[in-house]
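Hi,

Here is the structure I promised to pass on. My notes on it follow below.

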There are 2 protein chains.
Amino acid sequence: MVGRQQPRMQAVNDVSASFPTTSRNRVKRLHERGSYDHAAVFAVLDAGLLCHVAYTFDGQPYCTPTIHWREGDMLYWHGSSASRMLRQLRGGRPACLTVSHLDGLVLARTGFNHSANYRSAMCFGTARIVDEPEEKKKALAKATMVIGMRIEEASAKVRAKGVADDEEDYGHPVWAGVIPVRMVIGAAEPCPRQMPGIERPGNLAGYAEGERLDRALMQAQAVYEGEIS
Amino acid sequence: MVGRQQPRMQAVNDVSASFPTTSRNRVKRLHERGSYDHAAVFAVLDAGLLCHVAYTFDGQPYCTPTIHWREGDMLYWHGSSASRMLRQLRGGRPACLTVSHLDGLVLARTGFNHSANYRSAMCFGTARIVDEPEEKKKALAKATMVIGMRIEEASAKVRAKGVADDEEDYGHPVWAGVIPVRMVIGAAEPCPRQMPGIERPGNLAGYAEGERLDRALMQAQAVYEGEIS
């Protein structure tokens, strides 16, 4: 990248704003579930550790799981510097990063009305390798490859309710209801080679046994935003 | 599709086989974590309700969350018949369906060795709208649109171990360990409009409060395979 200035990726953090609605991010199905508010999109992103990123290389789509983090409207995630594919991101490439949370299995009286409770956010933008030293350091001090993308368009989609059967089906004598699910934190397993007398640090208190991971992650994001602002 | 015979999608269920290794599915990074065995790939697929599918339309990659199910080496998932994009799948399009399970946060002594325990499977093939009546009926009686894909290539990747710090770092006086996470089933919430005297059916017994969702789903898949074989 000698002699080439990469565009400065200054994060914008305006939770009262909305993402523009285009043919790319418009929620087509069950659009009453969709939202383009920054706050709604960020809430879904921040509650997840794991995301999936879609890229296209040589006409083949790839759906890659990775770990993301957010700073304002900038998303960052890990890539492998060993990947010949990902090195093609240097010049910037369209990508879509999605975070989804499964919240429940919705069992209706008829198969057609079976559903799931969930929260998801799809974010569109141009993925680039982050190699501006200042930004890379800020994003992750020692990663081999960090990829960044400003969210140009995004939508959040949430279903959070009970069974919605067709009116004529409520009389069917079959069990219907919601089976909720949640990502729960287990008992920490300290490294067997732990130095003696080392306590678990206070900033891990949110990751206590039995707590919900999504809540712990959202709390951690709030602390992070307090530190950088 | 008048006058055009769709290839018959007969599922193959040979768990002792392996998927071919090509440039598309070869696990590039940390390849000791990778596997191409049908059994390893199917175990990851069957343990998940939610998947993410990458498609490309007009050069833009889309990463769409949906619910999948598997019959042998055939994958099926839901699509919206309202989606103009998905109707482009009629003629068949390359796609990548990925299922990922987060199993733990691995906190090392240095940022570079932080990691996650996970299980993931990436499956490559040609996604098509299922409109052969027999297959569609078998796949899902009343869905508006079902998409099917034979898994041509696939890989599973698993990390399931403790902290792996560089040897010289074990003396650092910082807490290191694994914080496990798991998707847990909560107390069922019966529909408030339930008919009186309706019991929860026996085939939902696996989805009991406190059970792990991945295990319940794998059990359900085993029952399903017993029924169709």
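A word on terms first: "buried" means under 20% relative accessible area, "exposed" over 50%, and "partly exposed" in between (1.4 Å probe, protein chains only). This is a predicted model, so local features need pLDDT of at least 70 and side-chain atom pairs count only at pLDDT 80 or more, while totals for chains, interfaces and linings use all residues. Residues are numbered from 1 along each chain as its sequence is written, chains are lettered from A and ligands numbered from 1 in the order in which they are written, and side-chain values use heavy atoms, with hydrogens and water left out.

Have a look at helix 4 of chain B, residues 213-228 (helices are DSSP runs of H or I, at least four residues, and strands are runs of E, at least two, numbered from the N terminus). Its buried residues are L213(B), D214(B), A216(B), L217(B) and Q221(B).

Now the interface. Chain B and chain A each put 70 residues into the contact (heavy atoms within 4.5 Å). The copies meet through the same surface, because 99% of chain B's interface residues are also interface residues in chain A. One salt bridge to check is E167(B) with R193(A), whose closest N and O atoms are 2.6 Å apart (the rule: a side-chain nitrogen of Lys or Arg within 4 Å of a carboxyl oxygen of Asp or Glu).

Cheers

Methods: Expected span 1.5 Å × (residues − 1).
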